[in-house]
Amino acid sequence: MKAKQTAFVLAVVFVAYAVLIGWRGVLLVKVGTPVAVGLGLAVLVIPVIGAYLVWREIQFGRRTEALARELEAAGGLPVDDLPRRPSGRVDRAAADEAFGRYRSEAEAAPDDWRVWFRLSTAYDAAGDRKRAREAMRTAIAHHDRTA
């Protein structure tokens, strides 16, 4: 729930930023000189790109959460039983060992979204966020094809 609250607060902050910067863009366009109009249009593009990126991240989070609920209902959600260091982070050696098992499952059944979801959690536990997100996108794509 804390992640949802943080995402909401960040979205509200972004909207405030987009309104402020968009207003500056409008003021620049109203000046009417070619340079000011060009800068104003460029400034107006920034909130549009930002809104698209925020929307895309929110959609990714919603889809990930939906897959987690579905996998949990089927009893296939991986158990978080890896040993942790005093800081709360997962022990790297244990994460690497679990990762090997999930990677083998994904190689054995590359079209099953469930194994890609579990592989994503293993990447995340190992601290590889980039690959975790890639694996989750693969899980979402496979889920969409089977749904």
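**Salt bridges and core**

Modeller: Glutamate 105 forms a salt bridge with arginine 118, the closest N and O atoms being 3.4 Å apart; a salt bridge here is a side-chain nitrogen of Lys or Arg within 4 Å of a carboxyl oxygen of Asp or Glu. Glutamate 105 lies in helix H3 and arginine 118 in helix H4, so the pair ties together parts that are 13 residues apart in sequence. Helices are DSSP runs (H or I, at least four residues), numbered from the N terminus. This is a predicted model, in which local features need pLDDT of at least 70 and side-chain atom pairs count only at pLDDT 80 or more, while totals for chains, interfaces and linings use all residues. Residues are numbered from 1 along each chain as its sequence is written, and side-chain values use heavy atoms, with hydrogens and water left out.

Biologist: Is arginine 118 buried or exposed?

Modeller: Arginine 118 counts as buried, at 15% relative accessibility, whereas glutamate 105 is partly exposed at 28%. Buried means under 20% relative accessible area, exposed over 50%, and partly exposed in between (1.4 Å probe, protein chains only).

Biologist: How many salt bridges does the structure hold?

Modeller: The structure holds eight. One of them joins glutamate 65 and arginine 69, at 3.3 Å from N to O. Both residues lie in helix H2, four residues apart, about one turn of the helix. Lys4 is linked with Glu65 and Arg69 in a network of salt bridges.

Biologist: Now the core. Which residues touch the most other members of the largest nonpolar core?

Modeller: Leu67, Trp116, Phe117, Leu119, Met136 and Ala139 do, out of 24 residues. Such a core is a set of buried Ala, Val, Leu, Ile, Met, Phe, Trp, Tyr and Cys residues joined through side-chain atoms within 4.5 Å. Helices H2 (34-73), H3 (92-108), H4 (113-125) and H5 (129-146) each supply at least two residues of this core, and H4 gives the most, with seven.

Biologist: Where does this core lie relative to the domains?

Modeller: Domain 1 (1-74) and domain 2 (92-144) both give residues to this core, so it lies between them. The domain bounds come from an automatic or database domain assignment.

Biologist: What does phenylalanine 117 touch?

Modeller: Leaving aside residues up to four places away in sequence, phenylalanine 117 touches Thr64, Leu67, Ala68, Leu71, Leu77, Met136 and Ala139. Contact means heavy atoms within 4.5 Å.

Biologist: And histidine 142, buried or exposed?

Modeller: Histidine 142 is buried, with a relative accessible area of 8%, and is found in helix H5. Histidine 142 touches Pro110, Asp111, Trp113 and Trp116, again not counting residues up to four places away in sequence.
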